[in-house]
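Subject: Structure handover

Hi,

Here is the structure for you to look over. My notes come after it.

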Amino acid sequence: MMYPDKRGYFGVYGGRFVPETLMPLLFELEKAYSEALKDRSFWKEWESLLKEYAGRPTPLYYAKNLSHYLGGHIKIYLKREDLLHTGAHKLNNTIGQVLLAKKIGKTRIIAETGAGQHGVATATACALLGLKCVVYMGAKDVERQALNVFRMRLLGAEVIPVESGTQTLKDAINEALRDWVTNVKDTFYVIGSVVGPHPYPRMVRDFQSIIGKETKKQILQKEKRLPDFVLACVGGGSNAMGIFYPFVKYPQVKLIGVEAAGHGLNTDHHSATLTAGEPGVLHGMLTYLLQDKVGQIKGAHSIAPGLDYPGVGPEHSFFKESGRAQYVAVTDDEALEAFQILSEKEGIIPALESAHAIAYLIKIAKDLPKGALVVVNLSGRGDKDVASVREYLEGKK
Amino acid sequence: MRFFGAKLIEKRIKSFNKRGKIALIPYITAFDPDKSATFEFLKYIAEAEPACIELGFPFSDPVADGPTIQKAVVRALKNNPSFEEYLELVSQFKKSFPDIPIVCMTYYNIIYRYGLERTISEAFTSGLDGFIIPDLPMEEAGPWLRVNKGRGLGTIFLAAPTSGLERIKKMARLSKGFLYYVSLTGITGARDKLPEDLTLRLKNIRSLIKIPLAVGFGISRQEHVKMLSPYADALIVGSALVSIIEKEGKKAGPALKEFLLTLKNANS
């Protein structure tokens, strides 16, 4: 069985829960995407841009020092998405979607962003391909991520601060959806993760799967076998889905998604949707959500702004339920420690998001069997986080 | 015999149409600013003789709503309302006004969370007549329609300018009570002007469907009512009322009634 099914479901999760105005647009998008799937020239253009412009393939790096530091009995590889242009995996998807938008004659791109990484990647793709770009960003995030706001503006995008609700990522998505409902004719909504109504979760998965495809090829070259464990952080879940997906059909490869436990799962300040949430409907999809008894969506928290989202891609909900992947959570403090360890041991400053995956590996390393082969998706670089980590560490002293 | 649910809604809209009276469907958000104020507002609105009342249950992420209703939702959520309390409010109102149908406007997560079967069976007990769920398009409505099958509650779908006539026909067949036609591509909110081709679109749609056609989004002025009343069976007015509540707070009741009466007199 191939997922999603014709109605956009992964098991019982997914679907298209959007206002009627958008339904015909989603049908149009689905049709355009299934035509693109058969169009070799489309994928050739995408691949060539990722190679010549963005720097793919990214290395699969054997982290010898970290392996040694964690006991020397396991072999750790890092998939270096941090080395991709704009500093994270996000560009794989935005180049794909903006190319598709262009192909179907849309002239205006809208996007949401939390920390600004997807906003920057969308603005970059739009600058490259010559489309107008509008990015919605929660007013609180605009304040917290001033540098990324400036980067987007430098790239020619218009950044609109969203004052409603919690003024963070979920509200930016709401506002982007409202824009799309209003500007149906010329506008294409570039969603940044494996979330939203069908066909977005599938489409974003397909674009991000290049991470896992390369990883598989590279690990087979280097180790002549598949990895035992693949770890990735999960907010909406696009970098995790991207590296997981090509391994799904190999049951010997254990897939582990690491969510943000923030101040702790026993508090109200975390983003561990799969670990601590319950199914519901938000942003066009049926999936695990952080919500209260009545069904109001709760604010999420994480020190990593890219994980700060109260929902998660529906295919992850499906993997959780089928048991194909395991989902766990680490706290802000654990992620911060991993952020420093990776910097010191390997000379790689990871994004705080990716530091969550490293943190979980640090936690379980001693229990892993001798000779275990582990791949961690290092989804982004940490330059964007250096200022806030500094503040955090100095504040703690 | 006393009617309820979809039948009550349809009968009442038709009786307004027959008598040449403008059938208005006012919307307010429950618990804005609190529960007792909402009950007061409903009584004043009832005095203006609406065809039906659309009472919103607030949801934290109202993607189909514009700034006016978003702000109302923020005010309402300060009371931490439960769906049980909402149904109590409806039942309290229906005790005094059994002939005025009330439909609930809320997003699907609220109902999903409460339980589809539980929502419908408790809606009956409280006297609620139907539901409008803006993020539940017909492709996703299967489970909801199955639970309501043969039970007579109003299931009102929204049709949009992007829908196309084939979809609209299908939606009209699935809708019970009325079909809600969204006047423009966009979100809720008062507009100075409505799209010029709207009356033509309404004319086409009305010739295709059997149930009453209600139109909403943007309607906020006497001239809108005048322009649209020949082409629709009922007119939905929301944000214009909600902004009165925003301005007047708990004492908005008389102003709500007065505003509705002004709209109803558009043709005289």
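Predicted model: local features only at pLDDT ≥ 70, side-chain atom pairs only at ≥ 80, totals over all residues.

Residues are numbered from 1 along each chain as its sequence is written, chains are lettered from A and ligands numbered from 1 in the order written, and side-chain values use heavy atoms, with hydrogens and water left out.

Interface. 37 residues of chain A contact 34 residues of chain B (contact: heavy atoms within 4.5 Å). The two chains bury about 2800 Å² between them, 52% of it on carbon and sulfur atoms. Buried area is the accessible area (1.4 Å probe) that two parts lose on being put together, summed over both. Glu20(A), Arg178(A) and Gln296(A) supply 24% of what chain A buries against chain B, more than any other three residues.

Cores. A nonpolar core is a set of buried Ala, Val, Leu, Ile, Met, Phe, Trp, Tyr and Cys residues joined through side-chain atoms within 4.5 Å. Buried means under 20% relative accessible area, exposed over 50%, partly exposed in between (1.4 Å probe, protein chains only). The largest core has 196 residues; Tyr86(B), Phe131(B) and Phe178(B) touch the most other members. A second, separate core of 28 residues includes Ala63(A), Leu66(A), Ile74(A) and Val328(A).

Pockets. A pocket is an open set of points on a 1 Å grid over the protein atoms alone, where a 1.4 Å probe fits, with protein on both sides within 12 Å along at least five of seven lines; lining residues have an atom within 4 Å of a point. Volume is the space filled by probe spheres set on the points, which are joined across faces, edges and corners.

- The largest pocket has a volume of about 600 Å³. Its lining has 24 residues, with Arg144(A), Gln145(A), Lys384(A), Asp385(A) and Ser388(A) nearest the centre.
- The second largest pocket holds about 500 Å³. Its lining has 23 residues, with Gln296(A), Ile297(A), Ser60(B), Val74(B) and Leu77(B) nearest the centre. α3(B) gives the largest share of that lining, five residues.

Helix residue. Lys363(A) sits in α15 (352-364) of chain A; helices are DSSP runs (H or I, at least four residues), numbered from the N terminus. Lys363(A) is partly exposed, at 42% relative accessible area. Its C-alpha is 9.5 Å from that of Leu70(A), 293 residues apart along the chain.

Best wishes

Definitions and conventions:
Helix = DSSP H or I, 4+ residues; strand = E, 2+ residues; numbered from the N terminus.
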